[in-house]
Amino acid sequence: MSISRREFIAAGAAPALLPAAAPGRPNFILIVADDLGCHDLGCLGAADLKTPHIDALAASGARFVNWYSNAPVCAPSRSSILTGRYPIRAGVPVNGKELTQAQKTIASLLKSRGYATAAVGKWHLGGTPQTDPNAHGFDYYYGFHSGCVDFYSHRYYWGSNVVNYHDLWRNRSEIFEDGQYLTERITAEAKQFIAQHKSTPFFMYVAFNAPHYPMHAPEKYVKRFPGLNPERRMYAAMIAAVDDGVGEIMAAVKQAGQLENTMVVLVGDNGATTEKRAGLNQEYATAGSNGPFRGFKFSLFDGGMHVPGIMSWPGTIPPKQQIRELAMSMDILPTMCQAAGVSLPEGYTVDGRDILPVAANKARSPHPELFWAQNGQLATRRGKWKLVLNGVLHDRTENGGKMTGDDAVFLSDLDEDPGEMTNLRRKHPEIVDQLSTSLHRWFENLKKP
């Protein structure tokens, strides 16, 4: 479901019954983890990992139990995070597409109202002067343009027909920081931006590239997990570096005196992967856990895009909440714009919805139904029902877990079966008909100019 500018303004005029926010326009920090397993934080139940800072962030506000990415793969997911749109509408339905200047981003909208803006870390939405972060409303950029880089040399070397190349930038100038661990550099840049803008409203997008391959971490993080197998141990170390970074960023916010005037949102871009590039000895990766969900990165089963979703804003969002209402990453843009008092431009369609009332005042989800499309797969969720058409698990089997026969139309009751293991299509054909009709209508309408 999309929202027009008129509907957006009307929603803002309605009484939201929110607690009083701190005076002045709020700051916004949006943190994204890369290929993080749906289970792989302490606050999500992982017992062998340690993420005290992210756990503390979740405890300070709301953790969404049913937060979904708009796509099970990096670039489409990020396009929705930044534009508030479904990936197809944002023009990035698959990896390899660039975000054009026709698209509005959180940064461009907030910048128009005097916000200082920064992007730190992974971009993956274009590297030309027309598609890089500076072209999309970011005053400051530090990071890399491609889908992944070596954490120490900052070079890309995964393309089968692409010569490896260096990829680290400060705004549009290439910089060289060979030997410095990129997760720590992202944290340092984020802290510096906060210190420089403590008296100015700001929006900062912090896109960590961990725990995406290549699997690299300094020994000091690896030593924290002596009992794990080598693959899981390195993965845990990479997450620990991100967790330390989150702790340092929040400490910088507190030191700047902006804790109660800063909304922080932390999400994953998609679920953990089985790609051999993330594994050992040319074998499928096993380190990341999406349990109890089925499927992995690239899949429209929940393991592919049921991701961590945390919102914190002390004094506005009550602490220690676990919210079961449905939310999507495309909701971040309208939520932040509404909180900042920034209206949407004429003619710009936003598919996401303001979910601050859900986090701050226990409102119901604004989404009666969620939709996905990815490389021939289609899926929708309405209440407890989830329908996946032509699903692929992208697991460790020879055919990648492609659903065939009856299972090409897969209906699940997520209340009873969150792992989507039992196909109920024959037991509830009327539900299949309803969801399938709605899903195809959404998909066809979304493809129209």
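**Entry 1: the β13 sheet**

I began with the pairing of β13 and strand β14 (residues 377-382), which is antiparallel over five bridges. The model is a predicted one. Opposite F371 I found T380 in β14. The hairpin of β13 and β14 has two residues between the strands, and N375 there takes a positive phi near 50°.

Strand β15 (residues 385-389) pairs with β16 in the antiparallel sense over five bridges, and W385 has D413 in β16 as its bridge partner.

Next I looked at what covers β13. Five of the five residues of β13 (residues 370-374) are buried, so the strand is largely enclosed by the rest of the structure. L370, W372 and Q374 are buried on one side, F371 and A373 on the other.

**Entry 2: α2 against α8**

I looked up the packing of helix α2 (residues 52-59) on helix α8 (residues 230-255): the angle is about 50° and the axes are 7 Å apart. That angle makes α2 oblique to α8. On the α2 side the contact is made by P52, H53, I54 and L57, and on the α8 side by D243, D244, V246, G247 and M250. By class I have five nonpolar, two polar and two charged residues in this contact.

**Entry 3: salt bridges**

The structure holds 25 salt bridges, and I went through some of them.

D40 and R232 meet through their side chains at 3.1 Å, N to O. D40 lies in the loop between β1 (27-33) and α2, and R232 in helix α8, so this pair ties together parts 192 residues apart in sequence. D40 is buried at a relative accessible area of 0%, and R232 is buried at 9%.

R232 also has a salt bridge with D48, the closest N and O atoms being 2.9 Å apart. D48 lies in the loop between β1 and α2, so its pair with R232 in α8 joins parts 184 residues apart in sequence. I have D48 as partly exposed, at 28% relative accessibility.

K111 bridges to D139 with the closest N and O atoms 3.1 Å apart. K111 is in helix α5 (residues 106-111) and D139 in the loop between β3 (116-122) and β4 (140-144), 28 residues apart. Both K111, at 39%, and D139, at 37%, are partly exposed.

Last, I noted a network of salt bridges linking D34, R78, K122 and D269.

Note on methods: Residues are numbered from 1 along each chain as its sequence is written. This is a predicted model: local features need pLDDT of at least 70, side-chain atom pairs count only at pLDDT 80 or more; totals for chains, interfaces and linings use all residues. Side-chain values use heavy atoms; hydrogens and water are left out. Axes are lines fitted to C-alpha atoms, for helices over the stretch in contact, and angles run from 0 to 180 degrees between N-to-C directions. Helices (H or I, at least four residues) and strands (E, at least two) are DSSP runs, numbered from the N terminus. Angles under 35 degrees count as roughly parallel, over 145 as roughly antiparallel, 65 to 115 as roughly perpendicular and the rest as oblique. Contact means heavy atoms within 4.5 Å. Ala, Val, Leu, Ile, Met, Phe, Trp, Tyr, Cys and Pro count as nonpolar, Asp, Glu, Lys and Arg as charged, and the others, Gly among them, as polar. Buried means under 20% relative accessible area, exposed over 50%, partly exposed in between (1.4 Å probe, protein chains only). Two strands pair if DSSP finds at least two bridges between them. A salt bridge is a side-chain nitrogen of Lys or Arg within 4 Å of a carboxyl oxygen of Asp or Glu.
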